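Here is a short briefing on one protein chain. Look over the sequence and the structure, then work through the points topic by topic.

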Amino acid sequence: MSTHTPVTLGTDQARSRLHEFTVIDVRTPGEFASGHLPGAVNIPLDHIRRALPEIRHAAEQGDVLVVCASGARSENACKLLAAEGIVTATLAGGTGAWASEGNDLQRPVACDTRASWSMERQVRFTAGTVVLLGLLLGVLVHPAFLLLSAGIAGGLVFSALTNTCGMAVMLAKLPYNRPRTADLDTALAALRKR
């Protein structure tokens, strides 16, 4: 990887070189706990800037592979890191593609696991709940509540067109999706040791 343009690797390419990479998983801690690539460290996307010195250090020691659930968040992280002069690669299809091809995922020991839904599932649940609530209130209370459902529908269309998700950004700030300070500090220390 000689340019600052992020490279996208298929699962076969990543698997054959996994031992060469520092793997950074940019999902939420709850998603990370549900299963991650072997040896990955968890630096949630919204903490990437804080981790720049450690990620830069890891990139100076060897290649960096950034992963998420489907590839969208890791692609955003790679672009951010490229803008900072840090060379990275991303995994096409993310951990979902990795697992669907029969590759192993690491999971924390049972006592450390925080049960969590993937961010995509949290977004679908929240959007569906708000739409149903808007429809119900629109029928039972006042038709103006239908605007709530229309707003969510508009947000979903915007999300699809821009490949961003404002609802996911908001849900990532909830306590069960936030890294504990000790977890983030441990991940940063692991990157410093590379």
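**Charges and overall build**

The mean positions of the 18 positive and 16 negative charges in the protein chain lie 5 Å apart. Keep in mind that this is a predicted model. The chain has 194 residues, and 39% of them count as buried.

- The protein chain contains nine helices and five strands.
- In sequence order, these elements give the pattern β-α-β-α-β-α-β-α-β-α-α-α-α-α.
- The C-alpha trace spans about 60 × 40 × 35 Å along its principal axes.
- Take the contacts in the protein chain with a separation of 6 or more: 71% of them join residues 24 or more positions apart.

**Salt bridges**

Side chains of opposite charge can pair when their charged atoms come close. How many salt bridges does the count come to? The count comes to ten.

*Arginine 17 and aspartate 63*

- Arginine 17 forms a salt bridge with aspartate 63, and their closest N and O atoms are 2.5 Å apart.
- Arginine 17 belongs to helix H1 (residues 11–17), while aspartate 63 sits in the loop between helix H3 (52–61) and strand E4 (64–67), so the pair ties together parts 46 residues apart in sequence.
- Arginine 17 is partly exposed, at 24% relative accessibility.
- Aspartate 63 is also partly exposed, with a relative accessible area of 22%.
- Arg17 and Asp63 join Glu20 in a network of salt bridges.

*Arginine 50 and aspartate 185*

- Arginine 50 forms a salt bridge with aspartate 185, with 3.2 Å between the closest N and O atoms.
- This pair links distant parts of the chain, 135 residues apart. Arginine 50 is in the loop between strand E3 (41–42) and H3, and aspartate 185 is in helix H9 (residues 181–192).
- Arginine 50 has a relative accessible area of 46%, so it counts as partly exposed.
- Aspartate 185 is partly exposed as well, with a relative accessible area of 35%.

*Arginine 124 and glutamate 120*

- Arginine 124 forms a salt bridge with glutamate 120, and the closest N and O atoms are 2.9 Å apart.
- Both residues lie in helix H6. They are four residues apart, about one turn of the helix.
- Is arginine 124 buried or exposed? Arginine 124 counts as exposed because its relative accessibility is 52%, and the cut-off for exposed is over 50%.
- Glutamate 120 is exposed too, with a relative accessible area of 55%.

- Which residues make the nonpolar surface patch of about 510 Å²? The patch is made by Leu136, Val139, Leu140, Val141 and Phe145.
- Leucine 136 is found in helix H6, which covers residues 119–140.
- Leucine 136 is partly exposed, with a relative accessible area of 49%.
- Glycine 138 also lies in helix H6.
- Glycine 138 has a relative accessibility of 8%, so it counts as buried. The cut-off for buried is under 20%.
- Leaving out residues up to four places away in sequence, glycine 138 touches Pro143, Phe145 and Leu146.
- Glycine 138 and serine 149 are eleven residues apart in sequence, and their C-alpha atoms are 9.1 Å apart in space.
- Alanine 144 lies in the loop between H6 and helix H7 (146–162).
- Alanine 144 is partly exposed, with a relative accessible area of 40%.
- Ten residues along the chain separate alanine 144 and glycine 134, and their C-alpha atoms are 8.9 Å apart.

**Strand E1**

- Threonine 8 is found in strand E1 (residues 7–9).
- Which residues does threonine 8 touch, not counting those up to four places away in sequence? Threonine 8 touches Gln13, Thr90 and Ala92.
- Threonine 8 and leucine 65 are 57 residues apart in sequence, yet 9.2 Å apart in space from C-alpha to C-alpha.

Conventions
Residues numbered from 1 in each chain as written. Predicted model: local features only at pLDDT ≥ 70, side-chain atom pairs only at ≥ 80, totals over all residues. Heavy atoms only, no water. Patch = residues over 30% accessible without salt bridge, like charges linked within 9 Å, V, L, I, M, F, W, Y side chains within 5 Å. Areas by Shrake-Rupley, 256 points an atom, 1.4 Å probe, with all protein chains shown as cover. Salt bridge = Lys/Arg side-chain N within 4 Å of Asp/Glu carboxyl O. Helix = DSSP H or I, 4+ residues; strand = E, 2+ residues; numbered from the N terminus. Buried < 20%, exposed > 50% of the residue type's maximum accessible area, 1.4 Å probe, protein only. Contact = heavy atoms within 4.5 Å. Lys, Arg positive; Asp, Glu negative; His and termini not counted. Charge placed at Lys NZ, Arg CZ, Asp CG, Glu CD.
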